[in-house]
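These are my notes from a first look through a structure that was new to me. I took one topic at a time and wrote down what I looked up.

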Amino acid sequence: MSVLRLAVQKKGRLCEASLDLIKACGIDFNARAQQLTAPAYNFPLEFFFLRDDDIPGYVHDGVADIGIVGRNEVEEKGYPLRIVENLGFAPCRLSIAVPATFDYRGLKDLEGKTIATSYPRILKDYLEEHAVEADIHEISGSVEIAPAIGLTDAICDLVSSGSTLLHNNLKEVETILHSTALLTAGENLTEEKHAILDKLLVRIRAVQRAKKHKYILLNAPDSKLADIVRILPGMKSPTIMPLAEKGWSSLHSVVHEDDFWNIVEQLDQLGAQGILVTPIEKIMY
Ligand code: PRT
Ligand code: ZN
């Protein structure tokens, strides 16, 4: 029987969310520190724990069948990987930043300057695309200190909250790439492994959909039902059941997290009572 080999980051920003996602799919495993691989007990899956930089290459070479890694690493390595699913976690952007004192007006101001980065390939393509000639200094860590120690004029690095830039007296001037964690696959999976991946994807998508929705229960006066039904989407439409108290009904609905607060405010204004909100574990199909 085939086993699908999944590469995940061993330690770092992607690690916990990657393992949590697999757990939420109902897949059990025991990931012990120091181990390079671990089998899942109740699904044909084996984990490979790797540095994130190595994941695109391992998936491309077929050492691992699929991998969870940031778009930044996928684009930097440049292998022709299949992006199976955008998992959405670990959001960040790859940006160019300059010292706060730099009177920056536009990309042309980087002409002839030096830029430190761990993403030379993405940066090179970006500068070429914008016809800017700058000197790229590849360094693997602590990129943000390069201008302060006089190594380069600018940096190109990942940013999430922006506090690292602020602490180093740098300002973000260009955003090159937006990144989140992706589920990637090699291009030559066997039919059997494809079938396992499809099963895994059904579970991942059910978990992802569930995370984006809330289940709402509420009581409403019958006189307001038509208005409330209009604002509650539900999977098809909300479920309505009469309450023992005459003139009142109970409604159930599923609401997208983006609309959630807006909808709750409107429900309150329409006289809804006893509004209960619960997380959803999975939404199948
Ligand atoms: O050992 P290994 O090579 O596996 O780990 P790593 O040190 O290369 O990676 P790690 O764990 O730091 O990051 C893994 C992935 O998380 C990255 O490849 C991105 O896809 C994603 N990610 C999301 C981030 C950030 N947010 C992030 N903020 N990766 C790095 N950072 C760093 C950034 O380089 C900078 O130093 O955090 C700092 C900026 O953060 P803010 O919040 O101060 O802006
Ligand atoms: Zn790394």
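**Entry 1, a serine in a strand.** I looked up S249 and found it in strand β14, which covers residues 248-256. The model is a predicted one, and I read every value below with that in mind. Is S249 buried or exposed? Its relative accessible area is 5%, so S249 is buried, the cut-off for that being under 20%. I then checked what the side chain of S249 touches: it makes a polar contact with the side chain of D222, at 2.7 Å.

L217 belongs to strand β12, residues 213-221. I noted a relative accessibility of 23% for L217, which makes it partly exposed. I also looked up its separation from G274. The two residues are 57 residues apart along the chain, while the C-alpha atoms of L217 and G274 are separated by 7.8 Å.

I checked the length of helix α6, which has 21 residues (191-211). At 1.5 Å a residue the helix should span 30 Å, and its end C-alpha atoms are 30 Å apart, so the two agree. Next I listed the buried residues of α6: K193, I196, L197, L200, L201, I204, A206, V207, Q208 and A210.

**Entry 4, the zinc ion.** Which residues coordinate the zinc ion (ligand 2)? I found D52 and D53, each through OD, at 1.9 to 2.0 Å. The arrangement of the 4 donor atoms is irregular, because the angles they subtend run from 75 to 172°. For comparison I wrote down that the ideal angle for four tetrahedral donors is 109.5 degrees. I looked up the accessibility of both aspartates. D52, at 18%, counts as buried; D53, at 24%, counts as partly exposed.

I counted 21 residues around ligand 1, and D53, N72, S161, G162 and T164 come nearest. D53 also coordinates the zinc ion (ligand 2). I then looked up polar side-chain atoms beside oxygen atoms of ligand 1. For S161 the separation is 2.6 Å. For R51 it is 2.9 Å. In the side chain of Q9, an N or O atom is 2.8 Å from an oxygen atom of ligand 1. How much of ligand 1 does the protein bury? Taken alone, ligand 1 exposes 840 Å², and the protein buries 79% of that.

How values were computed:
Residues numbered from 1 in each chain as written. Chains lettered and ligands numbered in written order. Predicted model: local features only at pLDDT ≥ 70, side-chain atom pairs only at ≥ 80, totals over all residues. Heavy atoms only, no water. Helix = DSSP H or I, 4+ residues; strand = E, 2+ residues; numbered from the N terminus. Expected span 1.5 Å × (residues − 1). Buried < 20%, exposed > 50% of the residue type's maximum accessible area, 1.4 Å probe, protein only. Donors = N, O, S within 2.8 Å, 3.2 Å for Na, K, Ca; no water. Tetrahedral: all angles 85-135°; square planar, octahedral: opposite > 155°, others 65-115°. Near = heavy atom within 4 Å. Polar contact = N/O pair within 3.5 Å; in protein donor to acceptor, adjacent residues only side chain to side chain. Areas by Shrake-Rupley, 256 points an atom, 1.4 Å probe, with all protein chains shown as cover.
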